[in-house]
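Colleague: I am new to reading models. Could you take me through this one, feature by feature?

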Amino acid sequence: MTDAFRQRLRAFLTDHHPGRRPKDPAERLGWQKAWLATLYDAGWAGPSWPREHGGLDLDFAHQVVYQEEYARARVPGPLGTGLGIAAPTIVRHATEEQKARFLRPMLRADTIWAQGYSEPEAGSDLAALRTTARRDGDTYIVNGQKVWNSSADIADILFTLVRTGPPNSRQDGISYLLVDAHAPGVTVRPLRDLTGDAHFCEIFLDDVRVPVTDRIGPENGGWPLVRTSLGHERAAGAMNQAARYRRVLDELIHLARERGATADPLVRDRLADFETRVRIMRLTGMRTITDILTKGEPGPASSTSRLFIALFEQDLHEFAVDLLGPYGTLDRHDPHAVERGRWVWGFLRTRASTIGAGTAEIQRNTIAERVLGLPRESV
């Protein structure tokens, strides 16, 4: 049965492939949105989503096939961070009216979502956030700042955490709000990173009015939703990352052969190590999907996958840059750059892998305490 599904999906992705990625950012955004709408309209969007919200509701085996074929086809991925993080939270905790209002437009990319969790002085210590939401009748008035927000510059909705309780209430005073990114008082400023691109943003919220009906879950009851969001954030990319890095590793092996490096036993040893780790990544992703299907949550073990992938992609790109020798100093704008500088760009981009979505240190603490059962560190 999975073979027939694979063939149908592969045929669709081949027949409807959107073509080359435009260079102009505005054209590229339109190209991505058009593709995601095509995917949705044809009934091929949301492999893990419930059918009542427009998804495919695939079982474990078919989700694996879907991710493998999607990565193989090199078609645009999701826009924003809503599909893998906010959507599971809404499915689990929102009212039926909220599900009907938000989920289908998100899946079709009619609305783009971005996360607003981290703050300048409350990154890893999320419970220390200081963005406030003061109740004023049937609205909240929100003030504060968020930072390191992926896709906020193209977002329509910000799913964010705010303090509705007293200043010292920690996790007991946090609520989960959906903020209109185009509302008066919302300012988004892109932040340029090592690659020269702006993958992150900072968000300023100045007296932004948010309807109470756009709060997910109870007031001051947002912390359990945070655990759902973060668990799915760390799990969401596990399977498609495994499929994508299967292809990337094959391309790295091809690069090594082209440069005559595969005769070196040390190079072969590193490539064999990467091969082993890609296979482990795939198996870990399969285990994560199984946990979500059987328990409804990825659980703390998703931190294992997140840490494993972050360290792997850093190691792989470091090796690729070493393999390039002097060409590893050229960025993608240099006419002499190998493969348009993709390996150097990847090396610079993955410097953030052990910081985003929870630092490597935080992941190790979670693994130690909640997976291995080790005692908490005394303060």
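Colleague: How many salt bridges does a search of the whole structure find?

Modeller: First, some ground rules: this is a predicted model, local features need pLDDT of at least 70, side-chain atom pairs count only at pLDDT 80 or more, and totals for chains, interfaces and linings use all residues. Residues are numbered from 1 along each chain as its sequence is written, and side-chain values use heavy atoms, with hydrogens and water left out. Now the idea: a salt bridge is a side-chain nitrogen of Lys or Arg within 4 Å of a carboxyl oxygen of Asp or Glu. The search finds 24 salt bridges.

Colleague: Which residue meets E68 in a salt bridge?

Modeller: R6 does, at 3.0 Å from N to O. E68 lies in helix α3 and R6 in helix α1 (residues 2-15), so the pair ties together parts that are 62 residues apart in sequence. Helices here are DSSP runs of H or I with at least four residues, strands are runs of E with at least two, and both are numbered from the N terminus.

Colleague: Is R215 buried or partly exposed?

Modeller: Start with the scale. Buried means under 20% relative accessible area, exposed over 50%, and partly exposed in between, with a 1.4 Å probe and protein chains only. R215 has 18% relative accessibility, so it counts as buried. Its salt-bridge partner is E219, at 4.0 Å from N to O. E219 is partly exposed, at 32%. Elsewhere, salt bridges that share partners join R6, R10, E68, E69, R72 and R282 into one network.

Colleague: What span should helix α3 have?

Modeller: The rule is 1.5 Å times one less than the number of residues. Helix α3 (residues 60-73) has 14 residues, so it should span 20 Å; its end C-alpha atoms are 20 Å apart, which agrees.

Colleague: How many residues of α3 are buried?

Modeller: 11 of the 14 are buried, so α3 is largely enclosed by the rest of the structure. Among them are V64, V65, Y66 and E68. After the helix comes R74, with a positive phi near 55 degrees.

Colleague: Which way do strands β2 and β3 run?

Modeller: Two strands pair if DSSP finds at least two bridges between them. Five bridges join β2 (residues 132-136) to β3 (residues 139-147), and the two run antiparallel. They form a hairpin with two residues between them. G137, in the turn, has a positive phi of about 70 degrees. D136 stands opposite T139 in β3. β3 and β7 (residues 200-211) pair in the antiparallel sense over eight bridges.

Colleague: Which residues touch the most other members of the largest nonpolar core?

Modeller: In soluble globular proteins, nonpolar side chains tend to be buried together. A nonpolar core is a set of buried Ala, Val, Leu, Ile, Met, Phe, Trp, Tyr and Cys residues joined through side-chain atoms within 4.5 Å. The largest one has 45 residues, and L39, Y66, M106, W113 and Y176 touch the most other members. Its largest share, five residues, comes from α4. A second, separate core of 24 residues includes Y245, L255, V338 and W343.

Colleague: What do V371, L372 and L374 form on the surface?

Modeller: They form a nonpolar patch with about 280 Å² of accessible area together. Patches are made of residues with over 30% relative accessible area and no salt bridge; like charges are joined within 9 Å, and nonpolar side chains (Val, Leu, Ile, Met, Phe, Trp, Tyr) within 5 Å. The areas come from the Shrake-Rupley method with a 1.4 Å probe; for residues, only the protein chains shown count as cover. L374 lies in the segment after α11 (360-371). At 44% relative accessibility, L374 counts as partly exposed.
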